[in-house]
Amino acid sequence: MSTLVFLEHHGSQIQRGALGVLGKAAQLDPDTSGVVIGSGVADAAAQAGKFGAKNVYVADDAALEAPLPQPRVDVIAQLVQDKGFDTVLFGASVLASDTAAGLASRLDAGLNWDLTDLEGSGAGLIGKRSALGDSIVVDCGWSSPIKIGLVRAGSFDPNESGGDAAVESIPANVEDFSTKATMVDQTKEESSGPSIDEADILVTGGRGLGSPENFSILEELAAALGGAVASTRAVVDSGWYPYPTQIGQTGKVVSPKLYIGAGVSGAIQHKVGMQSSLTIVSINKDANAPIFEFSDFGVVGDLNTIVPQLTELVKARKG
Amino acid sequence: MKIAVCVKEVPDPSPNRRIDPDTKRMDRSGDRSLNQYDLNAIEQGLRLKEANGDGEVVLVSMGSAKALDSIRKGLGMGADRAVLVADDAAAGSDMVATAKVLAAALSAESPDLVLFGQQATDGDGAVLWAAVADKLRMPVISQIAELDIAGGTATAKRQTEFGYDTIAAPLPAVLAVADSINEPRYPSLKGIMGAKKKPQDVKSLADVGVDASSAGEAGSRTTVSALSPPASRGETIKIEDEGDGAQKILDFLVERKLV
């Protein structure tokens, strides 16, 4: 019984979601290792021991630089077979999801996705998954010798336990078809501030803002709280705010410590992307807005007055 | 250019959707329709064919024989024909088993391009393309917001957690499109009438060369052991703003140690 966690990196940093999964995996299975795949990733790999990895395997090769899934499938499949891992876990992302599914196909292994919790280990591993718009929780298991799981973003916080990992280089042998897709260009997100997946506090604007200019009052509140601004599909479709900030079924699934919705109605498509937020506060002038049903604290009122007032109060409190 | 579009019939999104507590499978007995995100993939296939001046758009699916009723919507939009793998032994297939069946059906078609929509609305799956691409040994690009096909190469722009990637891949390739890529057309009345006459091949697992042990529950590698209701959020507080709404929010945030 042993578990491998895919440690996705961006630049020299292992992603928070991956470190969270690593911490949870190490709790369930002390024999948990991580794998870092990229180019010039030695520094990133060295961080992983502190977060629970017993061993860190590193495939470092110029051919692995671009964050594309198929070469990663090749490397992980070989590692799993060489070292006999029975469980491979991923923190969900664009890259991790495609890598996990390719790996499941390659190893004829079961893949359960959108897991919000894990219990047991080895043959007894169970993944908890919210289904049908989070209206039911499904206990997912595996019938294959190798089990693959994709964990919903934000489900686990990293746990810095202060250990040291043994770092081992592994080969970067890739299949011909895996290198056919190539990265032509990568551009950074235009919006400033933390990515909405990583932020602990999200201030979200919906169509109830009334105009794109009103996002400025949300940006001020987010800055005062130390959070990021997010949006709904309606707002993105209207061209008011960029798609990378969109929460929901067709955007990102987030679970920040604090979600503040301003002018967000709480349509199902949005709800499934944010309802696992730890605390939900909403401001809406429509007392019947569905978001009040799943808010911890709701204020029926005009966001144009309440949001700027709240920003000033937060600033005053923080000094 | 031959374009295969993978599509799926799903239960209608409604509050009545349920998982059967006995079989622990999706209850598919109610109203069903074509997965809405597949419409973007069909639309993109039709646009590529139209831009190319000739070619064929083939819908490829796995489901019950009745799924043709839903798949015909894609034919009504303009797809040329449909291939449906319908076999009792395929019922209950999980992602890996579905990938085996679809890859076999796709291999028989030898398409230049395999298109997927961004997710299925029933299982919320958004990974099947990567498994199918691995089986077909083709390059894969997912979450595509802009797509250009020229000189036998697909160039795609897609959004990730960090910004935008532009990725190129030679054909044949597996491409999964986001719903932001286009606005699907509605089937015209003429299209709907003509759809019934378009070729609709219903195939068994044996027809596509898949052993029954590789599909359905026998071919699946995941299980569902229990179903339970989600945890309740607890008490919900709702107040009217009487000039002190902001202060009350702050008090609440302080109480929860969020400020």
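**View 1. Across the interface of domain 1 of chain A and domain 2 of chain A, zero salt bridges are found.** The model shown in this and every following view is predicted. On the side of domain 1 of chain A that touches domain 2 of chain A, one residue is nonpolar, three are polar and four are charged. The contact involves eight residues of domain 1 of chain A and six residues of domain 2 of chain A. Together the two domains of chain A bury about 520 Å², with 38% of this area on carbon and sulfur atoms. Domain 1 of chain A spans residues 3-179, and domain 2 of chain A spans residues 201-318. Taken over C-alpha atoms, the centres of these two domains of chain A are separated by 32 Å.

**View 2. The interface of chain B and chain A buries about 7000 Å².** Of this area, 56% lies on carbon and sulfur atoms. Chain B contributes 73 residues to the contact, and chain A contributes 90 residues. Between chain B and chain A there are six salt bridges, and 29 residue pairs are in polar contact with both residues at pLDDT 80 or more. Elements giving two or more residues to the side of chain B that touches chain A include helices α3 (95-109), α4 (128-136) and α7 (245-255) of chain B. Strands β7 (140-150), β8 (153-159), β9 (163-170), β12 (222-228) and β13 (237-240) of chain B are also among them. The largest share of this side, nine residues, is supplied by α7(B). By class, the side of chain B that touches chain A comprises 34 nonpolar, 19 polar and 20 charged residues.

**View 3. A:Asp108 and B:Lys100 form a salt bridge through their side chains.** The N to O distance in this pair is 3.0 Å. A:Asp108 is located in the loop between α4 (94-107) and β7 (110-119) of chain A. The phi of A:Asp108 is positive, at about 50°, although this residue is not a glycine. Most residues other than glycine have a negative phi.

**View 4. Strand β9 of chain A pairs with β12(B) in the antiparallel sense.** The strand from chain A covers residues 136-142, and its pairing with β12(B) extends over six bridges. Within this view, A:Trp142 stands opposite B:Thr222 of β12(B). In a regular strand, side chains alternate between the two faces of the sheet.

**View 5. Strand β7(B) pairs with both β8(B) and β10(B).** The pairing of β7(B) with β8(B) is antiparallel and has six bridges; here B:Leu147 stands opposite B:Ala156 in β8(B). These two strands, β7(B) and β8(B), form a hairpin with two residues between them. B:Gly151, in the turn of the hairpin, has a positive phi of about 55°. Strand β10 of chain B (residues 173-177) runs parallel to β7(B) and is joined to it by three bridges. In that pairing, B:Ile141 stands opposite B:Leu175 in β10(B).

**View 6. A cis peptide bond links B:Leu171 to B:Pro172.** The omega of this bond is near 0°. Most peptide bonds are trans. B:Pro172 belongs to the loop between β9 and β10 of chain B.

**View 7. A salt bridge joins A:Asp157 and A:Arg16.** The closest N and O atoms of A:Asp157 and A:Arg16 are 3.1 Å apart. A:Asp157 occupies the loop between β10 (147-151) and β11 (166-169) of chain A, whereas A:Arg16 lies in helix α1 (residues 16-28) of chain A, so the pair ties together parts that are 141 residues apart in sequence. Over all chains, a search of the whole structure finds 31 salt bridges.

How values were computed. Residues are numbered from 1 along each chain as its sequence is written. Chains are lettered from A and ligands numbered from 1 in the order in which they are written. This is a predicted model: local features need pLDDT of at least 70, side-chain atom pairs count only at pLDDT 80 or more; totals for chains, interfaces and linings use all residues. Side-chain values use heavy atoms; hydrogens and water are left out. Domain bounds come from an automatic or database domain assignment. Contact means heavy atoms within 4.5 Å. Buried area is the accessible area (1.4 Å probe) that two parts lose on being put together, summed over both. A salt bridge is a side-chain nitrogen of Lys or Arg within 4 Å of a carboxyl oxygen of Asp or Glu. Ala, Val, Leu, Ile, Met, Phe, Trp, Tyr, Cys and Pro count as nonpolar, Asp, Glu, Lys and Arg as charged, and the others, Gly among them, as polar. A polar contact is a pair of N or O atoms within 3.5 Å; within protein, one must be able to donate a hydrogen and the other to accept it, and residues adjacent in sequence count only if both atoms are side-chain atoms. Helices (H or I, at least four residues) and strands (E, at least two) are DSSP runs, numbered from the N terminus. Two strands pair if DSSP finds at least two bridges between them.
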